Amino acid sequence: MLAPRMYLDETRTALLSSVEGFVEREISPLAFEADEHPEENDILKILPGAGESGLLDALLPEERGGQGMDPFTFLLVTAELAAASAAAAVLLLGHNLALLALELSGVGNDTASGEGRPLHCLATGTRLRGPAGELGGRCDFVPGLLQAERLVVVGEEGRVALISLPCLGVRTGYLFDHGLRAARPAELLLKSVSPQSEGRLEGEGLERLEALLEMGAAAACAGIICASLSAAAEYAGRRYQGGDIIGEHQQVRLMLGEMEASREVAFALLAGAAGFGGGDPGSRAARAVRRFLAERALGCACDAVQLHGGYGYMREQGVERLMRDASCLQAWPAPSRQLLLGLRDMTGA
Amino acid sequence: MSPRAASGETARRLKADFPALEALRARDRGMFDSLVGVVQECAAFNRRHALPAALEIDRRVREDHDYFAWDIAEAGCGHGLFSLIIPERLGGRGGLAVAFSLAMEELCSACAGIANIFGAHALGLVPLLTSGSMAHWDTHLRETALAEKRGEPLIWAYAITEPSAGTDVEEPHFLTRARLSMRAERVKGGYLLNGRKCFISNGAVARWLTLTTCTDTARPLETWTLFLIDREMPGFSVARNEVKMGQRACPASELLFEDVFVPEDNVLGREGEGMDLGALLVLAASRAPVGAIATGIARGTLERLREWAGERRGGRRPLDEQSVQMALADMHIELQKSRWAYLNAALAFDRSLGRVLDSSLTGGVLRLPASLRAGRNWQRLMKSPLGRGIVNAVMRANTTGEEVTRALALASLAKVVGGDTAVQVTARCLEMLGTEPCPQRPWLEKAFRDAKLTQIYEGTNQLNRLTYYLAGLEGGLEVALPEPLLMGVR
């Protein structure tokens, strides 16, 4: 389990231990191939197991057939998944937030519950145009767009549309091929689309969704930090240089120390922003945390590759993937520059 | 653009980016013009060949790890990219570290993977030059230049890294305790090589390789030796091509040596001189160009980001925003630092070991009729201890160990500054682009992947910091030039 003990009570420990088992059994073995050959959609093989572990309806209230997971626990789960595959974590993050958006906006969703639930993907940050039946708009980067059966679009102004895929008028544009590859992120283009149903998220609901999206991305960054540390420490414990294990070299210990510090800070920030004792994260804190952790995730992943030397640069080692994934999480859900300028606006001049 | 206009543009850019070169121009106009010519040639190669093919080659190698773009290599022949550092009298362009570094920056602004085909090739040639193995110059360097003129790339590689020893084989203190898996065993008339070398750029496509290994694993530093290898030698094979994160156009391969017999004549320098001749002198020459590779990657990325920022979206250009302007300024400042660092290091090399290659005696030898130099007596003399001693004496007459050590320290500094800059700039540019789909995106993503290698190859940046400390600050590492005439005779 990645999270420090101080954040774990009995319920969280039991849940995370079951998620850890799911990750070891079903995600880790296919993470490399799913990144190498995303077009084969191997990542979808994790869905039945995810359903069994309650990860396909994690945020839905129990009375609606969901797990009713609190935000912080959900973030810990996301970090656990991301340590094995950030793409898998982002895919399930999008799915769960899509369901939450439908729930909060009152849009009917007639899908089965639990394990039989089809994969949803979430598109945000778009300005939806046109009356119902003639929906238009575009969204740059939608993880899972090529894999999901249902698309949930949340417009900047809170308009929510549920679309069954494939659907007339829904097209994919640019296919992203850099990081989070297993989730096959793609550009979404909507023209004269008739959604299955529509609704609206009011101010607080929209803010909650946006904050959870940012925090989910931040949790994925925390997972990358943990994975970087774990890979680097493992290698440093078996590679020799100048006759010594490199883990004994001070400069290597410093690098590992930085990663360890980042890991501690990551969970402290997630806990703080998510309201460790309960409650929802606020948008402002969520954005700040994501910005900070995205930077640290890239730094740690970069150091993990560096510490592996030439081996780190080779794909089969699996650490270069952490770098590519971290670089995507610097820009998604919003680029850091935009995010920082936005933060200033939220704070006031 | 007409060639004349292109030349004027290149000269203007070089003068603006390199004030130090502008100062040198006042003293040596010919040198400056020749540098302009080299950069211009590289720019033409980029326009005609590298830019149209770079993304496709990157994609293709990802699908087929054994693919090598021979057509791009052949196109490089037409621009003299395989003979940049071969002396003019042997048919090359006679460039030293400054010329080669400028060429690498230019080439890498388009594609570092393609550029590294020529970079790793030159790296393979460097030990032949810096060891002063003149007996092989006429046979191997001339043949390389001639093959280029025929449009048939004759590629070189430099092989030092072993599966369990990367950093260790580039630093004398570490080599003494390295876990080596390869060795050369002395046999009648030569050596038998057994073991593996890994991550060898161009390894799969090179005809000739320069390689270091020890003849006694119990005394690796004392017996570290530089060899010239022909891929046709029985027992040599390519075990596999690595699947790299970036710089994919240039293959990195694991090479297998099974009882490869290498004749005594193919020892460059003398047995036991491998750390200085085969590693430290080579790294003093090659790390500044790696700084230039990194600088080129950062420059290409910034050029593309600026292009993106200059395009209007919804009536506004990102370039009009102050936050973008400041970010561009910050990144250009880092770019200039790494540019000046590599130029400084390259100048230090050219003013030390480079002087040996440019010396009147070396020039005088190369002015002798080729038929004479190809003759048996000349070859015998050059391969004899006496000939070796003469070469060493020429080296010592033109430079000192202290000068070369200084060049090594500056080269290590340039490599660190460049590599770190490339990684930071490419990551930041990609972040600024956000998730916007645009034509610049695949280039920036590729540059991000390409950049990371510049912090790793030619010694990790951690090792380079250590080298800078030892050679530049503490005096704990000094390059020893080989023994002069009389001491050389055994």
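**Notebook: two interfaces in a predicted model**

The rule I applied asks for a side-chain nitrogen of Lys or Arg within 4 Å of a carboxyl oxygen of Asp or Glu.

Conventions noted: this is a predicted model, in which local features need pLDDT of at least 70, side-chain atom pairs count only at pLDDT 80 or more, and totals for chains, interfaces and linings use all residues. Residues are numbered from 1 along each chain as its sequence is written, chains are lettered from A and ligands numbered from 1 in the order in which they are written, and side-chain values use heavy atoms, with hydrogens and water left out.

**Domains 1 and 3 of chain A**

I looked up the domain assignment of chain A (bounds from an automatic or database assignment) and found domain 1 (5-115), domain 2 (118-200) and domain 3 (203-347). Taken over C-alpha atoms, the centres of domain 1 and domain 3 of chain A are 19 Å apart.

I then listed contacts (heavy atoms within 4.5 Å): 25 residues of domain 1 of chain A meet 30 residues of domain 3 of chain A. The buried area (accessible area, 1.4 Å probe, lost when two parts are put together, summed over both) is about 2300 Å² for these two domains, with 75% of it on carbon and sulfur atoms. I find three salt bridges across this interface of domain 1 and domain 3 of chain A.

**Chain A against chain B**

Next I turned to the chain interface, to which chain A contributes 41 residues and chain B 45 residues. Chains A and B bury about 3800 Å² between them, 58% of it on carbon and sulfur atoms. I note that A:Gln306, A:Tyr313 and A:Arg337 supply 21% of the area that chain A buries against chain B, more than any other three residues.

I count four salt bridges between chain A and chain B. A:Glu316 forms a salt bridge with B:Arg240, with the closest N and O atoms 3.3 Å apart.

**Confidence in chain B**

I checked pLDDT, the predictor's confidence in each residue, from 0 to 100. Chain B averages 93, and 97% of the residues score at least 70. Over residues 486-490 of chain B, pLDDT stays under 50, and the model has seven contacts beyond four places in sequence for them.
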